[in-house]
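Open the model in your viewer and keep the sequence panel beside it. This tour moves from one selection to the next.

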Amino acid sequence: MMAIAKAIIEPSVKLISGHKLPLVGFGTWKSEPNTVGEAVKAAIRGGCRHIDCAAAYQNEKEVGLALKEMFTTGVVKREELFITSKLYNTCHEKHNVRKHCEITLNHLGLEYLDLYLVHWPVAFEYTGESLDDPMNDDGSAKVINVPLQVTWQEMEALVDDGLTKSIGVSNYNVQTLNDLLTYCRIKPAVNQVELHPYNTQPLLKWYCERNDIHLTAYSPLGSGQLVNDPKVAEIAIKYDRSVSNILCRWAIQHGFSVIPKSVTPSRITENLSIVDFTISDVDMEQLNALNKSLRTCDPADFWGLPMFS
Ligand SMILES: NC(=O)c1ccc[n+]([C@@H]2O[C@H](COP(=O)([O-])OP(=O)(O)OC[C@H]3O[C@@H](n4cnc5c(N)ncnc54)[C@H](OP(=O)(O)O)[C@@H]3O)[C@@H](O)[C@H]2O)c1
C-alpha cells in the first residue's frame, strides 16, 4: 500500500495557471448512488489525489460526503487533493454560471475547486437544478444561442473571486480552442477530452502542446471497450501488467493526465499502479497505430449533435 501511495502521488504537471495537477486521477461518471462514495474513498486511500467530478453525473453530494469523511478522519487534507468539476450545458447563461458553481461547491462540501471546466462547448435550454437534458421531439437536444465568450467571462470571474483555482474546458476541438484564445483574459489551463489508443487526436495534442493547454484523457479504457483489444493484451503480457495499466500508462507517457473510473475496489487500486514501469517507444507506436478516431462518448448518440469532432 505504501509503495503505491508514494508512487502515484508524485507525477504531476504544472498548469499554465501555476497550480499542480496530479497526472493519475479517478473518474466518477456512471458511478451509481451508494457506490461512488466508497469508490472515491478507496481511490484516496490508495493514494489518488485527483478526483474528477461533474454536476451532470448527479452524484456530487455523495462524493462530498466521502470527501468529508476523508478530511475528518485525517486520511487527507483538502489542500492535498485536486478536485475538478464541470459546468453543465444547461447552465451557460451569464446568470447561471456562478449559481451552479456554488451548487457544486455546496454538494461537494468544498470552499473552492481546483479546476472548473465548461463541460461541452454547447448551450442547452435551462432545466433548473435537475440538469435534465431538454429534448426536442426528434431526439435532439434543445440548443440555445449563448456565446461561449459570455460563459467564459463568468468562468474567469470565478477565478477572480476564489471559487476555483483554475478554469478549463472539455470536449473542445482545435477550432473552438482557437476561438477561445482570441477572447480569453484567463487562458484555459486544461482541455479534458476522450483520449485512448482508438482515439489519439494527434492534431488536438499538437495544438494544446503549442498553447500550454494540458490535456486530460477521459474514458481512457474506452468506457471499458478497450480492455478486450488483442494488441493491447499482447503488450500487457509483455510487461506483465493489466490491459488497463497499459492504457493508462499510454496516456501519461503522452503527457496527458488520466482519470479511469471504477467502482470495483481491486480495479481502483490496479488503475493507480502505473508509474513504476515504462512502455517502450516501439510499443507506444504500436498502441498509437490502433487509432481509428473512435469515440465511445459521442454527443451524436446522446443529443443528436454530430458537431464536435
Ligand atoms: N468531460 C467529459 O465529457 C467526460 C466524458 C466521459 C468521461 N469523463 C470522465 O472520465 C472518467 C472515465 O471515463 P469513463 O467512465 O467513460 O470510462 P473508463 O474509465 O474508460 O472505463 C470505465 C469502465 O471500465 C471498467 N473498468 C475500470 N477499471 C477496469 C479494469 N482495471 N479492468 C477492467 N475494466 C475496468 C469500469 O467498470 P467498474 O466500474 O464496474 O469497475 C467501467 O465499466 C469518467 O468517470 C469521468 O470522470 C468525462
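**Stop one: Leu-290**

Select Leu-290 and show what it touches: leaving aside neighbours within four places in sequence, Leu-290 is in contact with Pro-197, Tyr-198, Asp-229 and Lys-231. Two residues are in contact if their C-beta atoms, placed from the backbone, lie within 7 Å. Leu-290 sits in the loop between helix H11 (281-288) and helix H12 (299-303). Helices (H or I, at least four residues) and strands (E, at least two) are DSSP runs, numbered from the N terminus.

Is Leu-290 buried, exposed or partly exposed? Leu-290 counts as partly exposed, because it has 17 C-beta neighbours inside 10 Å. The cut-offs: buried means 20 or more other C-beta atoms within 10 Å of the residue's own, exposed means 12 or fewer, and partly exposed lies in between, with C-beta atoms placed from the backbone.

Ser-293 has a positive phi of about 50° although it is not a glycine. Most residues other than glycine have a negative phi. Ser-293 counts as exposed because it has 9 C-beta neighbours inside 10 Å.

**Before going on: the model**

This is a predicted model: local features need pLDDT of at least 70, side-chain atom pairs count only at pLDDT 80 or more, and totals for chains, interfaces and linings use all residues. Residues are numbered from 1 along each chain as its sequence is written.

Colour by pLDDT, the predictor's confidence in each residue, from 0 to 100. The mean pLDDT of the chain is 95, and 96% of its residues reach 70 or more. Over residues 1-9 the pLDDT is below 50. Beyond near neighbours in sequence, residues 1-9 have 17 contacts in the model.

Zoom out to the chain. Its secondary structure comes to 12 helices and 10 strands. The C-alpha atoms fill a box of roughly 55 × 45 × 40 Å, taken along the principal axes. For 309 residues, a compact globule would have a radius of gyration near 19 Å, and the chain agrees, with 19 Å. That radius is taken over C-alpha atoms, and the globule rule is 2.2 Å times the number of residues to the power 0.38. Of the 309 residues, 45% count as buried. Residues 24 or more positions apart account for 73% of the contacts with a separation of 6 or more.

**Stop two: Gln-201**

Go to the loop between strand E8 (190-194) and helix H7 (202-210), and select Gln-201. Its phi is near 50°, a positive value in a residue other than glycine. Gln-201 is buried because 23 other C-beta atoms lie within 10 Å.

**Stop three: the core and H2**

Which residues have the most contacts inside the largest nonpolar core? Select Val-40, Ala-43, Tyr-116 and Val-258, in a core of 72 residues. Helix H2 (residues 36-45) gives the most to this core, with six residues. Apart from it lies another core, of six residues, among them Trp-120, Val-122, Phe-124 and Ala-141. A nonpolar core is a set of buried Ala, Val, Leu, Ile, Met, Phe, Trp, Tyr and Cys residues joined through C-beta atoms within 7 Å.

What covers them includes strand E3 (26-27), strand E4 (50-52), helix H3 (60-72) and H10. Click Val-40: not counting residues up to four places away in sequence, Val-40 touches Thr-28, Ile-51, Val-63 and Ala-66. Just after H2, Gly-47 takes a positive phi of about 110°.

**Stop four: Leu-87**

Move to strand E5 (residues 82-87), where Leu-87 is found. Leu-87 counts as buried because it has 28 C-beta neighbours inside 10 Å. Leaving aside neighbours within four places in sequence, its contacts are Val-97, His-100, Cys-101, Tyr-116, Val-118 and His-119.

**Last stop: the ligand shell**

Select the 29 residues around the ligand; Gly-27, Trp-29, Leu-221, Ser-244 and Lys-261 come nearest. A residue is near a molecule if its C-beta atom, placed from the backbone, lies within 6 Å of it. Helix H10 (residues 265-272) gives the most to this shell, with three residues.
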